[in-house]
Amino acid sequence: MKKFLSVFFKIVFSRTMIIFLSILVQAAILFSSFMWLGKYTTFIFSAMTVGGAAVLIYLINKEDLPEFKIAWVIPICLFPVFGTIIFLFVDTNMGSRGLKKEMNKVIENSGQYMKQEESVLQEITDCDSQAGGLAAYLSKAGYPAYRSNENMYFPLGEDKWKDMLAEMEKAEKFIFLEYFIVERGIMWDSILEILEKKAKEGVEVRFMYDGMCSLLLLPYNYPAKMEKLGIRTKAFSPIAPMLSTHQNNRDHRKILVIDGKVAYTGGVNLADEYINKRQRFGHWKDVAVKITGDAVDSFTMMFLRTWDILESPSNYEEYLHRCVHKDAAGYVIPYGDGPNRKENVAEKVYMDILNTARDYVHIMTPYFIVDSSFLMMLKFAAQRGVDVKLILPHIPDKKYAFAIARSYYPSLLAAGVQVYEYTPGFVHAKVFTSDACKAVVGTINLDYRSLYHHFECGAYFYKSTVVEDVEADFQATLQKCMRVEDGYYKSLPAGGRLLGRICNLIAPLM
């Protein structure tokens, strides 16, 4: 009983509950306002009906994905008043405008540090004009291509964890960390121990995590606690007790940079399930990559640009280290994406791989919630003879997302796409590999949130040894998967299939 009361009071008086109650109060005030205006119901409803019609005309003619339009048309038609108000609230995007404006300003002012070395671009183009075209596109977006140095692929989160601890111990100048999820436990405690020690040695340590963590995983005053340890800390866009669209744009990146010489990215967050020290959904399959050489500069700049949104610009030259090229095959292009951009860079990279594939495209992703154009490209690749394989989790972390993913199975299988489910547990890896020459490892899921709403990052490898490692890991993972056959979807519970179909209608809004 005592334990129950302790947990009860902890929940009731937690910041999460305060935020929830604050938003509830705001919703109640809004609802009460409508009730107070009850005597004007006829006039208001007529005005909102006309307004809803105007909004629908605007929405239909807006440059946007058909899926986004359909997702909004449904609530506007079903609930003209509330649907119209919520759409206008989200579409005007007042809460995120300041964030996006500041991010674009920082990017513009630091563009000189992300220039493309023309000889590298020419080498890629001479090798493959299609790969050269993608490299040219990414360089125009501000993400140059580099000759590969000694890069390393990690097929499990625990492999990355061991390596990053060893590299952080070597730090002499600075350590930058930017992660979506940080939770206290074995993994984070081991990292924090090194960070605290390095800060005492005079190494500059900056730590940035997504503000969503302050809702459930970390105390709201965690940055202040870290500052006392000598670790400069920021929560990106902290969750606030108010209705705002800025809470829709999360920092989903996973970046670690050490002395400008080594950088890590991939799906691995800083929590125990990512290194299988805690079981949540069976075995957690995740991957990461370590990059060395001058390509690290791109990750350094991605981190600093996000950090500098709310303060004066850093002295970028102090943290950029143009390393000497070593004899290593291939090229690497680190890149980022976010809602501040008009171009969906991350989606374009994935689409380019699908469109140019000749032999195979192999994909691992935790979520598969895509628009019709992406789905068409995936199926068309299979229909023109490309070996398309897709590995998804068998034990999901979000049942609604898994229900949506499974709703695509009949269409994918009919087109010749081979679908597999990872039976030991949950796949959190975000991996593309194609034709023994291209691969992507990063943070970008195949869902609307990653492709349109979140800040993301990844690394595109061309003719690099990393490509071989990614494909070898894919084949090894395939041996632990169940292949989805034609009758599998129909054998699933009817309730789950119905949930997937319904959620698919509003998937862009989820």
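Tutor: Helices (H or I, at least four residues) and strands (E, at least two) are DSSP runs, numbered from the N terminus. The model is a predicted one, in which local features need pLDDT of at least 70, side-chain atom pairs count only at pLDDT 80 or more, and totals for chains, interfaces and linings use all residues. Residues are numbered from 1 along each chain as its sequence is written, and side-chain values use heavy atoms, with hydrogens and water left out.

Let us begin with the nonpolar surface. Helix H5, residues 80–92, supplies four residues, the largest share of the nonpolar patch. The patch as a whole is formed by Leu 78, Phe 79, Phe 82, Ile 86, Phe 89 and Val 90, and together these residues have about 570 Å² of accessible area. Such areas come from the Shrake-Rupley method with a 1.4 Å probe, and for residues only the protein chains shown count as cover. Patches consist of residues with over 30% relative accessible area and no salt bridge, like charges being joined within 9 Å and nonpolar side chains (Val, Leu, Ile, Met, Phe, Trp, Tyr) within 5 Å. Leu 78 belongs to helix H4, residues 66–78. Leu 78 counts as exposed because its relative accessibility is 59%; the cut-offs are under 20% for buried, over 50% for exposed and in between for partly exposed (1.4 Å probe, protein chains only).

The charged pairs come next. Side chains of opposite charge can pair when their charged atoms come close. Across the whole structure there are 19 salt bridges, each a side-chain nitrogen of Lys or Arg within 4 Å of a carboxyl oxygen of Asp or Glu.

One of them joins Arg 278 to Glu 183, with 3.4 Å between the closest N and O atoms. This pair connects distant parts of the chain, 95 residues apart: Arg 278 lies in the loop between strand S7 (262–266) and strand S8 (283–285), and Glu 183 in the loop between strand S3 (174–179) and helix H10 (186–200). Arg 278 has a relative accessible area of 37%, so it is partly exposed.

Another salt bridge pairs Arg 250 with Asp 210, their closest N and O atoms being 3.0 Å apart. Here too distant parts of the chain are linked, 40 residues apart, with Arg 250 in the loop between strand S5 (232–236) and strand S6 (255–258) and Asp 210 in strand S4 (residues 204–210). Arg 250 counts as buried because its relative accessibility is 2%, and Asp 210 is likewise buried, at 0%.

In a further salt bridge, the side chains of Arg 280 and Glu 273 meet at 3.2 Å, N to O. Arg 280 is partly exposed, with a relative accessible area of 41%, whereas Glu 273 is buried, at 2%. Elsewhere, salt bridges that share partners join Asp 163, Glu 167, Lys 170 and Lys 290 into one network.

Lys 170 counts as exposed because its relative accessibility is 54%. In sequence, Lys 170 and Ile 258 are 88 residues apart, yet their C-alpha atoms are 8.6 Å apart in space.
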